[in-house]
Each structure stands twice: as structure tokens, then as C-alpha cells.
Amino acid sequence: MAVTADEVANVVLSEFKKLSAKRKPTVRGNGLHEWVPLSGIVAKGPAFLKCVALATGMKCLPASKLPQANGIAIHDWHAEVLALRAFNRFILDECKRLTLDSTFTSDFLCRTSSSSLPPFIWRPDVSLHMYCSEAPCGDSSMEITMASQPDSTPWSSPILLSEQPDGQLLGRGYFSHLGIVRRKPSRPDAPPTNSKSCSDKIALKQCTSLLSSLTSLLISPKNVYLTSLVLPESQYSETGCTRCYGFDFDSSPLGRMSCLTTNPPTWADGYKTSPFKIETTQHEFDYSKRTVTARSDKISPSNLAVCWTYNKEVEEGIIGGVLQGRKAFDIKGASAVSRMKMWCLAVEVAQGLHGPEGELLKELKRGTYDEVKEESVLLQSRRKVKEEVRGEALKGWVRNTGDGGFRL
């Protein structure tokens with residue numbers, strides 16, 4: 001039986017409500033009411049519907065700070081991106097439990113044959129869905145952003161694209177340019193970032209799956225694609241979403257991803273183009289900008305981000321890319337979903353599977369973090385997918401470099 005948009009939204013919202021007050025926006029001493037975006041990943045199985053990962057947040061690390069991150073600080077903690085990181089952490093924890101406990105049966109993963117790589121696969125009868133309480137920043141929400149301005153007429157660009165850094169536009173500006181890759185929006189006086197918008201990252205996931213690079217060494221991407229993206233009715237623009245995420249259906253090009261079906265790519269190892277449906281819900285998040293604005297005209301975005309996973313391995317607050325209360329870039333402040341902690345966990349799983357001489361472990365310990373991602377033979381198909389999608393559908397994508405030289 002198919003799951004409805006309201007059911008997807010409700011299971012994420014219900015799980016968030018269970019979190020303690022310290023994980024939620026508050027009313028500050030000066031009377032400002034905080035709001036924050038929420039995103040969650042939901043798994044629908046034959047007899048269950050579960051939120052397996054959720055996150056709140058709306059900030060990212062400036063490009064100038066990346067060399068200091070050393071795999072400790074998270075680069076991008078917008079709710080959508082943090083929820084995807086939490087989902088990957090959830091999967092790695094499931095892999096670890098399957099590796100250590102021969103009696104454990106996961107509702108989500110199963111082992112492949114003992115000699116196969118990747119050693120795990122997502123169960124084919126478990127579909128994946130994503131809920132977002134706000135329209136993802138970037139191209140899919142440009143119409144909503146324009147409509148919120150005093151004058152919603154698209155701006156005429158006063159300067160050429162080539163005069164922008166790296167030939168790209170920043171944030172929400174220059175509304176007349178649609179269908180392009182954008183960076184995360186920010187205040188005009190904020191330090192620049194190279195983190196791509198949530199719209200662009202979600203669009204790419206229709207081809208790379210929801211898995212990150214390191215998780216892809218352990219789990220096949222074959223079944224790990226979104227079936228649906230659920231948005232509140234007020235946060236859905238059919239024009240924007242079609243343009244941003246649309247593929248080619250019935251020989252009618254509907255969006256920027258359509259070039260991938262006009263000339264179908266030949267990808268290996270379970271990678272494919274997998275368009276998701278976009279559905280709307282009437283449910284609203286208690287701390288959405290709209291809900292908080294209805295309670296007070298004195299509002300402010302929350303500095304606190306939160307991530308949580310279903311298996312209870314993760315529930316933490318994050319400020320500035322590190323654990324709440326920790327100093328910036330201090331190893332003790334590394335989140336469970338940071339590059340460093342996720343890499344360590346992947347190595348631990350590989351060690352348990354095949355011992356110190358296993359091929360998988362050798363790939364995970366080949367050198368720096370960047371060397372694992374960019375040189376591993378086992379990730380060759382994934383690199384090809386990303387290169388082709390960024391070169392054809394998501395042109396102008398500039399990599400967020402500077403934090404890949406660290407080692408375990």
C-alpha cells in the first residue's frame with residue numbers, strides 16, 4: 001500500500017516532538033521567537049513506516065574556514081543536508097550491528113554474499129521518502145523567494161555572470177537567472193561559502209542515490225533512491241520544482257535534469273536516474289517560519305541544529321558545525337555525522353567484515369580522505385555519475401574543497 005504525503009510528514013513531525021526541549025527552538029530573553037527548518041528521511045516497509053533520520057538547521061561553514069575543519073566540523077548543516085548525513089550514519093550503524101551480531105536482522109539492510117562488494121544492500125521492499133518543512137534553498141524555491149519580496153518581478157542582472165566568483169551566482173540574488181546551480185543563501189555581509197544549495201544537492205541525489213561516498217563502499221546504491229519528496233503546500237512551487245528536479249517524461253522535457261533521459265547515461269554498479277515524486281502536505285511544523293510568525297511578529301532564525309537517528313545512536317545539538325558547547329574545530333566537538341567520525345565507523349565495519357587484509361579496508365585506509373574518495377577503484381562508477389550529472393544537468397557546479405587532506 002502506498003504511503004501518503006501526510007503520513008510521511010506526520011511520522012517525522014511526531015518523532016521531532018519526542019525530543020527534549022533542549023533540542024528545540026526557544027523564546028529568547030529579548031522576546032524573539034526562534035524558528036528553524038526540519039527535514040527527515042522516512043522508510044516505508046511491508047509492515048512499517050518509520051522516520052530513520054531527522055535534522056534541523058540552516059547554516060553552513062564559510063569557504064575560508066574549510067582548511068581548519070580537518071574532518072571535524074560539518075560544512076553544511078542546513079536541515080536537508082544534515083538529515084542526509086544522519087541517514088548515512090544510521091546506515092553505517094546498521095552495518096556495524098549486522099557485522100557484530102550474527103543473530104540481528106535489520107528491517108532495512110541485508111548482507112550480500114560473503115565475497116561480494118559492497119557487502120550490504122538496502123532491502124528492495126523498503127521505499128524511501130523525504131520531508132522538508134521549508135522549500136529547499138536554491139532553484140526549486142526561487143518563485144517562493146520572489147513572491148516574498150515587496151516587488152516579485154525578476155531582477156535584471158546588472159553584471160555578467162562571468163564577473164561573479166567562479167562564474168556562479170550567490171544565494172538568492174539575481175532572480176532572473178533560473179535553472180542554475182546556486183550556493184547557499186546568506187546575508188550580503190556574511191563570509192562567502194561554496195556549499196551548494198539544498199535544491200542542487202537533492203537534485204543530484206536522483207542519480208547518485210542517498211548514499212555518501214564512504215557509505216557507498218559498504219552498501220549498494222541500487223535501492224537507496226527517494227520515492228517521494230514531501231513539502232508543505234505553502235512551500236511548493238510546481239514551476240520551480242519541475243524546473244529544478246524535472247526529468248523527461250513522455251518525450252516532453254520538463255526540467256534541467258531532462259538531458260539525462262534525452263541521452264540516457266550508461267552507469268554501472270546500480271547507479272541510475274531515479275526521479276522522485278513531489279507531493280504536498282497540509283501538516284505544518286510547530287517551529288516553521290510560518291507557524292512561529294503566526295505566534296509572534298518578533299522572530300529570529302535559530303542557531304541550533306539537531307540531528308537524530310532511529311537506532312538511537314545519534315541525538316545531538318550542533319552549533320557552528322560542531323557539538324553544542326564545544327570549541328570550533330576541537331576534536332572533542334566532532335559530530336557523529338562529521339567526516340572524521342563517519343570514516344572511522346566505516347573502517348570499523350570493514351575491519352569486522354574482512355579483517356585487516358580485506359580489500360574494502362585497504363580502500364578505506366589508502367591515505368587521506370580525499371584520496372579515498374577520488375582514487376578508490378570501488379568508487380569509480382560513483383565518480384563517473386557525479387562528473388556526468390554535473391557536466392550536463394548541473395553545469396557550473398564548483399567543488400567545496402579544502403577539507404580533504406586529513407588522515408585517520
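These legends describe close-up views of a predicted model. Local features need pLDDT of at least 70 and side-chain atom pairs count only at pLDDT 80 or more, while totals for chains, interfaces and linings use all residues. Residues are numbered from 1 along each chain as its sequence is written, and side-chain values use heavy atoms, with hydrogens and water left out.

**View 1. Lys-24 is a buried residue without a salt bridge.** Lys-24 sits in the loop between helix H1 (5-17) and strand E1 (33-35), where helices (H or I, at least four residues) and strands (E, at least two) are DSSP runs, numbered from the N terminus. Buried means under 20% relative accessible area, exposed over 50%, and partly exposed in between (1.4 Å probe, protein chains only); a salt bridge is a side-chain nitrogen of Lys or Arg within 4 Å of a carboxyl oxygen of Asp or Glu. The nearest side chain of opposite charge (Lys and Arg count as positive, Asp and Glu as negative; His and the chain ends are not counted) is that of Asp-286, 7.2 Å away. The side chain of Lys-24 instead reaches the backbone oxygen of Leu-19 at 3.1 Å.

**View 2. Asp-107 and Lys-50 form a salt bridge.** Their closest N and O atoms are 2.9 Å apart. Because Asp-107 lies in the loop between H3 and E4 and Lys-50 in strand E3 (residues 49-56), the pair ties together parts that are 57 residues apart in sequence. Asp-107, at 37% relative accessibility, is partly exposed, whereas Lys-50, at 17%, is buried.

**View 3. Lys-201 and Asp-76 form a salt bridge.** The closest N and O atoms of this pair are 2.7 Å apart, and Asp-76 is buried, with a relative accessible area of 3%.

Conventions
Polar contact = N/O pair within 3.5 Å; in protein donor to acceptor, adjacent residues only side chain to side chain.
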